[in-house]
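Biologist: I have a model open and want to learn how to read it, feature by feature. Where do we begin?

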Amino acid sequence: MALKIWLDGRLVDESEAKISVFDHGLLYGDGVFEGIRVYNKKVFELDAHIRRLYDSARAIRLQIPMEPDQVKQAVEQTVQANGVVDGYIRLVVTRGVGTLGLNPFNCSRPSVFIIADKIQLYPQETYEKGMKVISATTVRNHPLALPPQIKSLNYLNNILAKIEAIDSNVLEAIMYNYEGYVAEATGDNIFIVRKGVIYTPPVEAGALEGITRAVVIRLAQKEGIQVQEKNLTRYDLYICDECFLTGTAAEVIGVVEIDGRTIGNGSPGPITQLLRRRFFEYAHGQ
Ligand code: PXG
């Protein structure tokens with residue numbers, strides 16, 4: 001069935017949902033976006049996603065031509081119009097149509113569109129058995145170049161690392177910052193467990209402030225597990241007891257091999273499994 005796409009104020013058929021070739025979102029990757037889950041018809045952590053969208057927009061001096069509440073309503077409306085029960089929303093704000101030059105202030109009006117669809121998950125067996133990852137040679141964007149907290153339409157930094165993963169026959173790559181500390185994966189935040197304590201890089205290490213990350217930290221603390229934000233090195237990853245990634249697409253997924261080193265006993269560890277279960281329960285409102 002053809003999707004209904006929310007585009008600049010109205011729902012249109014998928015075939016009519018078109019953006020100009022002069023849109024700076026396309027010409028320069030000038031824009032921001034959010035990827036959001038729907039569980040049981042309920043939009044997951046919508047307020048947090050809307051807040052991050054507006055923060056990203058503010059950071060690149062993009063004025064979203066709607067109030068946050070209007071964007072929320074549009075998201076809900078798109079979910080309902082497509083009868084989404086469990087799915088995935090892509091909410092995008094582009095700089096809009098402009099001239100062939102970088103100047104964003106020549107663009108007339110930002111475009112807002114919302115897609116509500118199914119999501120392509122990692123193969124189910126990856127969740128049961130855990131995934132293998134590699135360290136990318138591509139360094140995460142320098143915070144003074146393009147702050148990694150901005151969820152912008154320019155994902156080339158992450159895509160270059162993703163290509164390294166695919167070339168190495170694994171699904172994900174770990175990215176390090178310009179100082180050599182662990183930042184995140186290409187579309188997920190990273191956590192390790194060592195002697196019963198959970199560690200994750202601080203956002204300043206060059207990570208997106210993940211919404212799944214925040215939920216998982218809260219769930220872990222509720223279980224009485226200590227969580228520390230700390231700079232991590234490649235060595236810390238190699239010797240950890242458990243490793244897992246979090247993200248809207250991935251949810252919580254165990255990592256069982258990094259650069260050919262087996263993590264733990266080669267299966268997702270007990271804390272990873274517990275948090276994966278707790279996340280599922282939380283997301284499904286249990
Ligand atoms: N880091 C980066 C660079 C991301 O893009 C995350 C961390 C996790 O953040 P959230 O808020 O989702 O927990 C992301 C999010 C996709 C896709 O299509 C990617 C993300 C989200 C949804 C879909 O690959 N990345």
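Modeller: With burial. A residue counts as buried when its relative accessible area is under 20%, and as exposed when that area is over 50%. Keep in mind that this is a predicted model.

Biologist: Take L208, then. Is L208 buried or exposed?

Modeller: L208 has a relative accessible area of 10%, so L208 is buried.

Biologist: Which residues is L208 in contact with, leaving aside its neighbours within four places in sequence?

Modeller: R52, P148, Q149, I150, K151, E184 and N189. Two of those names will come back with the pockets. R52 is among the residues nearest the centre of the second largest pocket, and K151 is among those nearest the centre of the largest pocket.

Biologist: And how far is L208 from I253?

Modeller: Their C-alpha atoms are separated by 17 Å. Along the chain the two residues are 45 apart.

Biologist: Next, strands. What holds a sheet together, in general?

Modeller: Strands of a sheet pair through backbone hydrogen bonds, and the pairing is either parallel or antiparallel. Now look at strand 13, residues 242-247.

Biologist: Which strands does strand 13 pair with?

Modeller: Strand 10 (residues 189-194) pairs with strand 13 in the antiparallel sense, over five bridges. Strand 14 (residues 251-258) also pairs with strand 13, antiparallel and over five bridges. C243 is the bridge partner of I192, and C243 stands opposite V255 in strand 14.

Biologist: How many residues lie between strand 13 and strand 14?

Modeller: Three, and the two strands form a hairpin.

Biologist: How many residues of strand 13 are buried?

Modeller: Six of its six. Check each face in turn. On one side are E242, F244 and T246; on the other are C243, L245 and G247. Both faces are covered.

Biologist: What joins strand 1 to strand 2?

Modeller: Four bridges link strand 1 (residues 4-7) to strand 2 (residues 10-13), and these strands run antiparallel. L7 stands opposite R10. The pair is a hairpin with two residues between the strands. In that turn, D8 has a positive phi of about 50°.

Biologist: And on the strand 6 side?

Modeller: Two bridges join strand 1 to strand 6 (residues 111-117), again antiparallel. There, W6 stands opposite I114.

Biologist: On to pockets. How do I read the largest one?

Modeller: Read volume, then lining, then source. The lining has 39 residues, and K151, Y155, T186, G187 and A249 lie nearest the centre. By class, 16 are nonpolar, 14 polar and nine charged. Several elements supply at least two residues each, including helix 5 (156-167), helix 6 and strand 13.

Biologist: Which domains supply that lining?

Modeller: Domain 1 (4-117) and domain 2 (124-283), with at least three residues from each.

Biologist: And the second largest pocket?

Modeller: About 330 Å³. Its lining has 15 residues, with A48, R52, D55, E209 and I211 nearest the centre. Helix 2 (46-59) gives the largest share, six residues. Helix 6 supplies at least two. The classes are five nonpolar, three polar and seven charged. Domain 1 and domain 2 each give at least three residues here too.

Biologist: How many cavities of 30 Å³ or more are there?

Modeller: One. The volume of the largest cavity is about 50 Å³. Strand 3 and helix 6 are the elements that give two or more residues to the lining. Strand 3 has the largest share, with three residues. Among the lining residues are I36, F44, I211, G247 and F279. The lining divides into five nonpolar, four polar and two charged.

Biologist: Which domains line the cavity?

Modeller: At least three residues come from each of domain 1 and domain 2. Note I211: this residue lines the largest cavity and lies among those nearest the centre of the second largest pocket.

Notes: Residues numbered from 1 in each chain as written. Predicted model: local features only at pLDDT ≥ 70, side-chain atom pairs only at ≥ 80, totals over all residues. Heavy atoms only, no water. Buried < 20%, exposed > 50% of the residue type's maximum accessible area, 1.4 Å probe, protein only. Contact = heavy atoms within 4.5 Å. Pairing = 2+ DSSP bridges. 1 Å grid on protein atoms, 1.4 Å probe; cavity = no way out; pocket = protein on both sides within 12 Å on 5 of 7 lines; lining within 4 Å. Nonpolar A, V, L, I, M, F, W, Y, C, P; charged D, E, K, R; others polar. Domains from an automatic or database assignment. Points joined across faces, edges and corners; volume = space filled by probe spheres on them.
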